[in-house]
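Good morning, and thank you for coming.

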Amino acid sequence: MKIIPNVLTDKGSKYAVSGGTATSRDAANDFIKQLKRNKKFAKATHNTWALLLADGTQIKNDDGEGGAGAIILRMLETADLRDHIIVVTRWYGGTHLGGDRFRHVKTCVDAYLEVK
């Protein structure tokens, strides 16, 4: 598991990104459980994630951040990164970000892909 804890902050909201190998929905769920063993991530407002399996199966979970999982999934497809889960975590800071939140998801995934 690789975690980048402080990717960006905007209007009080803080973002992190993490990822690792996952070859099934069950493995993705196990990854999320392991991530949430860290109390900081367990208390996050959103742990949005996506996984593109080797056979092309697409799995995503917005965790209340509507549309964010689709962004991660598209970026996994573009990078042709398969059997690898990427999780973007957000701690809500009290101010709505509007469309900026989608740019922030992209920034987080880009940061992860750079160091992967």
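Predicted model: local features only at pLDDT ≥ 70, side-chain atom pairs only at ≥ 80, totals over all residues.

Which side chain meets that of Asp 110 in a salt bridge? The partner is Lys 106, at 3.0 Å from N to O. I use the term salt bridge for a side-chain nitrogen of Lys or Arg within 4 Å of a carboxyl oxygen of Asp or Glu. Because Asp 110 and Lys 106 are four residues apart in helix H4, about one helical turn separates them. Asp 110 is partly exposed, with a relative accessible area of 29%, and Lys 106 is likewise partly exposed, at 43%. Here, buried means under 20% relative accessible area, exposed means over 50%, and partly exposed lies in between, with a 1.4 Å probe and protein chains only.

Residues are numbered from 1 along each chain as its sequence is written, and side-chain values use heavy atoms, with hydrogens and water left out.

How many salt bridges does the structure hold? There are five. One of them joins Arg 82 to Asp 80, with the closest N and O atoms 2.8 Å apart. Arg 82 is partly exposed, having a relative accessible area of 37%.

Let us now turn to Glu 65. Its place is the loop between strand S4, residues 58-61, and helix H3, residues 68-79. Helices (H or I, at least four residues) and strands (E, at least two) are DSSP runs, numbered from the N terminus. Is Glu 65 buried or exposed? Glu 65 is buried, and its relative accessible area is 6%.

The side chain of Glu 65 forms a salt bridge with that of Arg 101, at 3.1 Å from N to O. This pair links distant parts of the chain, since Glu 65 sits in the loop between S4 and H3 while Arg 101 belongs to helix H4 (residues 100-115), 36 residues apart. Arg 101 is partly exposed, with a relative accessible area of 22%.

What else surrounds Glu 65? Leaving aside neighbours within four places in sequence, Glu 65 is in contact (heavy atoms within 4.5 Å) with Tyr 15, His 46, Thr 48, Arg 90 and Arg 101.

Thank you for your attention.
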